[in-house]
Amino acid sequence: MPIDDTYLTMEKNMSEVLRHLVEVEEAADDILTDKMQLVNLDRKKNKNREAIRSLKTVPSTSTSTKEQKAWVCFGNMFLKIPLTKAKQVLEEDQEQLDREIDSLRANLKAKVNRLNELEGKEELKGFSLAALDRNEMAAMKQGRPGSS
Amino acid sequence: MADTTKVPEVREITRIERIGAHSHIRGLGLDDALEARQVSQGMVGQCKARRAVGLILEMIKDGKIAGRALLLAGRPGTGKTAIAMGLAQALGQDTPFTAMTGSEIFSLDMCKTEALCQAFRKSIGVRIKEETEIIEGEVVEIQIDRPATGTGQKVGKLTLKTTEMETIYDLGTKMIESLTKEKVQAGDIITIDKATGKISKLGRSFTRARDYDAMGAQTKFVQCPEGELQKRKEVVHTVTLHEIDVINSRTQGFLALFSGDTGEIKSEVREQINAKVAEWREEGKAEIVPGVLFVDEVHMLDIECFSYLNRALESDMAPVLIMATNRGITRIRGTNYQSPHGMPIDLLDRLIIVHTQPYDEKETKQILRIRCEEEDVEICDDALTVLTRIGMETSLRYAIQLITTANLVSRKRKATEVNMDDIKRVYSLFLDESRSSQFLKEYQEEFMFNEMASNDNDSVEPANENDNMETV
């Protein structure tokens with residue numbers, strides 16, 4: 001039956017297209033989530049940085065710095081903990097954040113590449129290159145107008 | 001996020017140029033299966049040659065055939081240069097393409113092999129990536145505390161925001177200095193390079209557009225940046241080896257790139273650069289982009305150049321070499337030996353040779369029509385048919401010349417369309433090559449210095465021999 005046949009192939013094509021679209025959307029969604037995550041992490045990082053900064057500039061009172069305590073807000077709780085301890089916690093947190101951001105960024109590239117591939121776009125040129133370091137870049141740019 | 005928003009740069013400026021002989025060509029005109037379409041992207045006919053070049057194109061794009069060479073051979077006016085131009089267009093902006101003419105190397109103030117070497121290195125791109133960590137945001141507030149005595153440490157605070165977040169940075173003396181130097185104030189969008197601490201102003205925020213009535217014309221308004229404050233920017237540059245050479249040859253500097261007066265570049269410099277680039281490639285810091293070097297009229301090169309080419313093609317950083325010639329079996333320049341296409345056999349052996357065939361009547365008509373469109377000339381069908389006949393009997397180039405001239409004639413009589421009479425008129429006004437030589441032969445006696453009749457053995461001279469070849 002020719003009519004049934006075409007109907008069937010059409011149906012098959014439709015599901016194929018749908019599957020592909022779902023795949024593309026999923027990949028894109030994944031990227032968006034990651035980007036959102038990056039923004040959130042960066043916000044946290046900045047807040048941490050401000051906290052570390054302000055702990056450093058706490059006016060030293062008569063009591064020695066070892067016994068000095070500070071109010072710190074973790075999540076929803078205010079805690080009064082020793083200054084050195086607070087600093088330590090925050091700094092560890094900061095390192096952890098840095099690592100997370102780095103790994104997210106690294107993965108993001110692969111994901112963007114995959115999305116491009118799914119969408120049938122050309123691969124970005126030089127995407128996988130390692131960057132030149134600063135001295136090498138300076139050597140490449142020497143004397144070029146606009147580099148100063 | 002700089003990684004993901006990076007899109008290929010779009011060139012907004014349309015190039016203003018005169019209508020050249022090949023300005024109607026926009027590509028090779030192939031379909032996805034690499035079959036040549038009869039008429040596409042300004043190319044007509046020549047399907048076999050186009051298909052062959054299309055295969056080469058794919059290989060170049062995959063980076064597979066560096067260091068190979070292709071020879072386009074065919075009679076004059078069969079579209080050799082057109083095919084090369086089409087290839088250049090199809091390769092796109094990112095692949096280096098250098099076009100030169102064989103005779104070019106004789107007229108420079110450097111030796112022939114140096115000129116060739118520079119042309120080779122102009123056709124090899126090196127792709128490198130620059131990565132910078134920056135803080136980008138809109139300035140909400142700057143607070144600077146100056147000590148009452150006027151001297152001593154200044155401290156301050158800088159509040160930056162993006163659409164997503166806001167944060168405060170403590171400032172040291174140095175940063176305060178560079179902020180004041182850049183005249184940064186609340187409402188500016190700035191970037192701070194993390195590695196160098198360099199501050200640059202991108203413009204003012206749109207939300208502050210109405211802060212003042214009187215504003216300099218150069219004030220640029222930009223959107224408040226999105227996303228995170230600390231960004232990583234990656235920029236990919238493609239430079240040619242020749243550019244790196246010029247930058248690094250100490251006597252010249254970058255300006256030489258603009259003036260074109262590069263002179264000869266020491267081979268030590270080149271070796272060092274090759275070594276450095278190879279090192280970067282090992283470390284994954286650079287990619288080689290083999291480009292295309294197109295040498296037109298390659299029979300004009302002499303034996304020295306040919307042997308240089310032989311050697312240069314074997315280097316591991318060689319571009320794809322495309323040559324075009326319209327000669328048959330003729331003398332190799334600089335020797336007394338005859339050889340096909342005027343090139344030594346050992347070099348010919350390394351080449352892939354693509355022949356271009358003369359156009360048939362239909363194709364000629366099509367090309368003429370495309371040229372008419374390109375030159376904004378309305379032409380009626382009869383006139384086009386006549387023009388095609390002229391094109392078939394004389395040469396395609398002559399017929400193309402007639403288009404513009406016929407257009408001028410038709411405009412003189414205030415017509416919008418070129419008709420048959422216009423074509424006839426310009427055909428009688430302007431001689432084609434064969435009619436001109438016919439005329440010369442008939443009235444030879446009346447010209448000055450005529451020697452043709454007196455000594456017939458003149459025609460054996462090499463110069464004449466070459467000229468004869470051109471018209472075969």
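**Note on the predicted two-chain model**

1. Chain A comprises three helices and three strands, where helices (H or I, at least four residues) and strands (E, at least two) are DSSP runs numbered from the N terminus. Read from the N terminus, the elements of chain A follow the order α-β-β-α-β-α. Residues are numbered from 1 along each chain as its sequence is written, and chains are lettered from A and ligands numbered from 1 in the order in which they are written. This is a predicted model, in which local features need pLDDT of at least 70 and side-chain atom pairs count only at pLDDT 80 or more, while totals for chains, interfaces and linings use all residues.

2. Of the 148 residues of chain A, 6% count as buried; a residue is buried if 20 or more other C-beta atoms lie within 10 Å of its own, exposed if 12 or fewer, and partly exposed in between, with C-beta atoms placed from the backbone. Among contacts in chain A between residues at least 6 apart in sequence, 61% join residues at least 24 apart. Two residues are in contact if their C-beta atoms, placed from the backbone, lie within 7 Å.

3. The mean pLDDT of chain B is 80, and 86% of its residues score at least 70; pLDDT is the predictor's confidence in each residue, from 0 to 100. Within chain B, confidence is highest in strand S8 (residues 188-193), at 90, and lowest in helix H16 (residues 462-471), at a mean of 44. Residues 455-472 of chain B have a pLDDT below 50, and beyond near neighbours in sequence this stretch has 12 contacts in the model. Where pLDDT is low, the predicted coordinates should not be read in detail.

4. For the complex, the predictor gives an ipTM of 0.74 and a pTM of 0.69. The contact between the chains takes 26 residues from chain A and 30 residues from chain B. On the side of chain A that touches chain B, H1(A) provides the largest share, nine residues.

5. Strand S3 of chain A and strand S5 (residues 124-145) of chain B run parallel and are joined by two bridges; strands pair if DSSP finds at least two bridges between them. Ala131(A) stands opposite Lys129(B) in S5(B).

6. In helix H14 (residues 420-429) of chain B, the residues Asp422(B), Ile423(B), Val426(B) and Tyr427(B) are buried. They lie on the same side of H14(B) because they cover an arc of only 135 degrees around the axis, taken from the directions from the helix axis to the C-beta atoms. The face turned away from the buried side of H14(B) carries the exposed residues Ser428(B) and Leu429(B). Helix H12 (381-393) and helix H13 (396-412) of chain B are included in what covers the buried residues of H14(B).
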